[in-house]
Amino acid sequence: MFRVRSPQDFGAGVFFMLFGVAGLFFARNLAFGSTEHMGPGYFPVLLNVGIVTIGAVVALRALAVDGPPIEGVAWRGPIFVLASILLFAFLIERAGLVVTTAVLTLVAAYARREAKLLENLLLAAGLALMAVVLFVFALRQPMPIWWWG
(Lines give C-alpha, C1' and ligand atoms only; values in the text may rest on other atoms or scores of the structure.)
Protein backbone atom coordinates (compact mmCIF):
# COMPACT_ATOMS: atom_id res chain seq x y z
CA MET A 1 0.00 0.00 0.00
CA PHE A 2 1.13 3.55 -0.70
CA ARG A 3 1.86 5.99 2.09
CA VAL A 4 1.10 9.65 1.41
CA ARG A 5 4.10 11.58 2.67
CA SER A 6 2.86 15.04 1.62
CA PRO A 7 -0.89 15.36 2.18
CA GLN A 8 -1.03 18.94 0.85
CA ASP A 9 0.59 17.96 -2.44
CA PHE A 10 -1.55 14.85 -2.73
CA GLY A 11 -4.73 16.85 -2.18
CA ALA A 12 -3.63 19.46 -4.71
CA GLY A 13 -2.81 16.75 -7.25
CA VAL A 14 -6.20 15.09 -6.81
CA PHE A 15 -7.90 18.49 -7.13
CA PHE A 16 -6.02 19.22 -10.36
CA MET A 17 -6.92 15.82 -11.78
CA LEU A 18 -10.62 16.25 -10.90
CA PHE A 19 -10.62 19.74 -12.40
CA GLY A 20 -8.98 18.48 -15.59
CA VAL A 21 -11.37 15.52 -15.89
CA ALA A 22 -14.31 17.91 -15.46
CA GLY A 23 -12.88 20.06 -18.25
CA LEU A 24 -12.52 17.02 -20.50
CA PHE A 25 -16.10 16.05 -19.70
CA PHE A 26 -17.42 19.48 -20.70
CA ALA A 27 -15.31 19.50 -23.88
CA ARG A 28 -16.42 16.01 -24.95
CA ASN A 29 -18.91 17.24 -27.57
CA LEU A 30 -16.55 19.74 -29.20
CA ALA A 31 -14.87 18.75 -32.43
CA PHE A 32 -11.16 18.19 -31.83
CA GLY A 33 -9.87 18.64 -35.37
CA SER A 34 -6.17 18.34 -36.11
CA THR A 35 -3.08 20.44 -35.62
CA GLU A 36 -3.53 21.87 -39.10
CA HIS A 37 -7.30 22.44 -38.78
CA MET A 38 -8.02 22.95 -35.10
CA GLY A 39 -11.57 22.46 -33.96
CA PRO A 40 -13.24 24.25 -31.05
CA GLY A 41 -12.28 21.39 -28.72
CA TYR A 42 -8.59 21.29 -29.62
CA PHE A 43 -7.27 23.78 -27.08
CA PRO A 44 -9.65 22.83 -24.20
CA VAL A 45 -8.80 19.13 -24.56
CA LEU A 46 -5.03 19.73 -24.69
CA LEU A 47 -5.22 22.17 -21.78
CA ASN A 48 -7.19 19.74 -19.63
CA VAL A 49 -4.94 16.82 -20.50
CA GLY A 50 -2.06 19.02 -19.30
CA ILE A 51 -3.92 19.82 -16.08
CA VAL A 52 -4.60 16.13 -15.43
CA THR A 53 -0.94 15.33 -16.15
CA ILE A 54 0.31 18.02 -13.76
CA GLY A 55 -2.11 16.74 -11.11
CA ALA A 56 -0.87 13.18 -11.55
CA VAL A 57 2.77 14.27 -11.25
CA VAL A 58 2.05 16.30 -8.11
CA ALA A 59 0.02 13.47 -6.54
CA LEU A 60 2.69 10.86 -7.34
CA ARG A 61 5.41 13.16 -6.01
CA ALA A 62 3.44 13.35 -2.75
CA LEU A 63 4.06 9.64 -2.30
CA ALA A 64 7.85 10.09 -2.44
CA VAL A 65 8.63 13.47 -0.87
CA ASP A 66 7.85 14.52 2.70
CA GLY A 67 5.68 17.57 3.04
CA PRO A 68 3.45 19.42 5.48
CA PRO A 69 0.08 18.08 6.62
CA ILE A 70 -3.18 19.63 5.49
CA GLU A 71 -4.03 22.53 7.76
CA GLY A 72 -7.40 23.91 8.69
CA VAL A 73 -9.02 26.44 6.41
CA ALA A 74 -8.68 30.07 7.42
CA TRP A 75 -12.19 31.34 6.72
CA ARG A 76 -11.75 34.91 7.90
CA GLY A 77 -10.09 36.23 4.71
CA PRO A 78 -12.44 34.70 2.14
CA ILE A 79 -15.52 35.67 4.15
CA PHE A 80 -14.53 39.33 4.49
CA VAL A 81 -13.43 39.61 0.85
CA LEU A 82 -16.63 37.96 -0.39
CA ALA A 83 -18.68 40.22 1.88
CA SER A 84 -16.96 43.30 0.42
CA ILE A 85 -17.69 42.15 -3.14
CA LEU A 86 -21.35 41.57 -2.31
CA LEU A 87 -21.53 44.94 -0.57
CA PHE A 88 -20.06 46.62 -3.64
CA ALA A 89 -22.71 45.03 -5.87
CA PHE A 90 -25.46 46.07 -3.46
CA LEU A 91 -24.23 49.62 -2.70
CA ILE A 92 -22.78 51.00 -5.95
CA GLU A 93 -26.08 52.30 -7.34
CA ARG A 94 -27.61 53.10 -3.95
CA ALA A 95 -24.77 54.85 -2.10
CA GLY A 96 -22.50 56.12 -4.87
CA LEU A 97 -18.87 55.42 -5.66
CA VAL A 98 -17.30 57.25 -2.71
CA VAL A 99 -19.30 55.54 0.04
CA THR A 100 -19.21 52.16 -1.69
CA THR A 101 -15.45 52.23 -2.17
CA ALA A 102 -14.88 53.30 1.42
CA VAL A 103 -17.20 50.61 2.82
CA LEU A 104 -15.78 47.78 0.74
CA THR A 105 -12.23 48.85 1.61
CA LEU A 106 -13.02 48.85 5.33
CA VAL A 107 -14.75 45.46 5.19
CA ALA A 108 -12.04 43.83 3.07
CA ALA A 109 -9.32 45.26 5.32
CA TYR A 110 -10.65 43.24 8.23
CA ALA A 111 -9.74 40.05 6.40
CA ARG A 112 -6.43 40.62 8.19
CA ARG A 113 -6.38 40.04 11.93
CA GLU A 114 -3.93 42.93 12.40
CA ALA A 115 -6.27 45.52 10.83
CA LYS A 116 -6.00 49.00 12.35
CA LEU A 117 -8.93 51.40 12.09
CA LEU A 118 -6.95 54.60 11.40
CA GLU A 119 -4.86 52.96 8.66
CA ASN A 120 -7.98 51.54 7.06
CA LEU A 121 -9.86 54.83 7.21
CA LEU A 122 -6.96 56.59 5.46
CA LEU A 123 -6.75 53.80 2.89
CA ALA A 124 -10.51 53.95 2.30
CA ALA A 125 -10.42 57.73 1.81
CA GLY A 126 -7.48 57.49 -0.60
CA LEU A 127 -9.02 54.66 -2.62
CA ALA A 128 -12.38 56.44 -2.79
CA LEU A 129 -10.68 59.58 -4.12
CA MET A 130 -8.65 57.57 -6.64
CA ALA A 131 -11.74 55.65 -7.78
CA VAL A 132 -13.65 58.87 -8.45
CA VAL A 133 -10.75 60.46 -10.31
CA LEU A 134 -10.08 57.33 -12.37
CA PHE A 135 -13.55 56.04 -13.16
CA VAL A 136 -15.70 59.17 -13.20
CA PHE A 137 -13.33 61.83 -14.50
CA ALA A 138 -10.57 60.01 -16.44
CA LEU A 139 -12.59 57.13 -17.91
CA ARG A 140 -15.94 58.98 -17.87
CA GLN A 141 -17.89 56.02 -16.50
CA PRO A 142 -21.54 56.85 -15.84
CA MET A 143 -21.67 56.08 -12.12
CA PRO A 144 -22.94 58.26 -9.29
CA ILE A 145 -20.30 59.76 -7.04
CA TRP A 146 -22.71 60.21 -4.12
CA TRP A 147 -26.08 58.64 -3.33
CA TRP A 148 -27.91 61.80 -4.42
CA GLY A 149 -25.93 62.12 -7.70
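1. Helices here are DSSP runs of H or I of at least four residues, numbered from the N terminus. On that basis, this predicted model has 4 helices and 0 strands. The order along the sequence is α-α-α-α.

2. Start with the overall dimensions. The chain has 149 residues, and a compact globule of that length would have a radius of gyration near 15 Å. The chain has 23 Å instead. Along the principal axes, its C-alpha atoms fill a box of roughly 65 × 45 × 20 Å.

3. Next, burial and surface. Of the 149 residues, 21% count as buried. The chain exposes about 10,600 Å². Carbon and sulfur atoms supply 74% of that area.

4. Now the contacts along the chain. Take the contacts between residues at least 6 apart in sequence. Of these, 64% join residues at least 24 apart.

5. Look closely at helix α3. It covers residues 76-109, which is 34 residues. At 1.5 Å a residue, a straight helix would reach 50 Å. The end C-alpha atoms of α3 are only 11 Å apart.

6. Where does α3 have its kink? The kink is centred on G96 and comes to about 135°. G96 is also one of the buried residues of α3.

7. T101 is worth a visit. This residue is found in helix α3. Is T101 buried or exposed? T101 counts as buried because its relative accessibility is 9%, and the cut-off for buried is under 20%.

8. T101 has contacts of two kinds to check. Its side chain reaches the backbone oxygen of L97 at 2.7 Å. Leaving aside residues up to four places away in sequence, T101 touches L127, A128 and A131.

9. Finally, check R140. This residue lies in the segment after α4. R140 is not a glycine, yet it has a positive phi of about 55°. Most residues other than glycine have a negative phi. R140 counts as exposed because its relative accessibility is 70%, and exposed means over 50%.

Methods:
Residues numbered from 1 in each chain as written. Predicted model: local features only at pLDDT ≥ 70, side-chain atom pairs only at ≥ 80, totals over all residues. Heavy atoms only, no water. Helix = DSSP H or I, 4+ residues; strand = E, 2+ residues; numbered from the N terminus. Expected span 1.5 Å × (residues − 1). Bend = angle between axes of the 7 residues up to and from the residue. Buried < 20%, exposed > 50% of the residue type's maximum accessible area, 1.4 Å probe, protein only. Polar contact = N/O pair within 3.5 Å; in protein donor to acceptor, adjacent residues only side chain to side chain. Contact = heavy atoms within 4.5 Å. Rg over C-alpha atoms; globule rule 2.2 N^0.38 Å. Areas by Shrake-Rupley, 256 points an atom, 1.4 Å probe, with all protein chains shown as cover.
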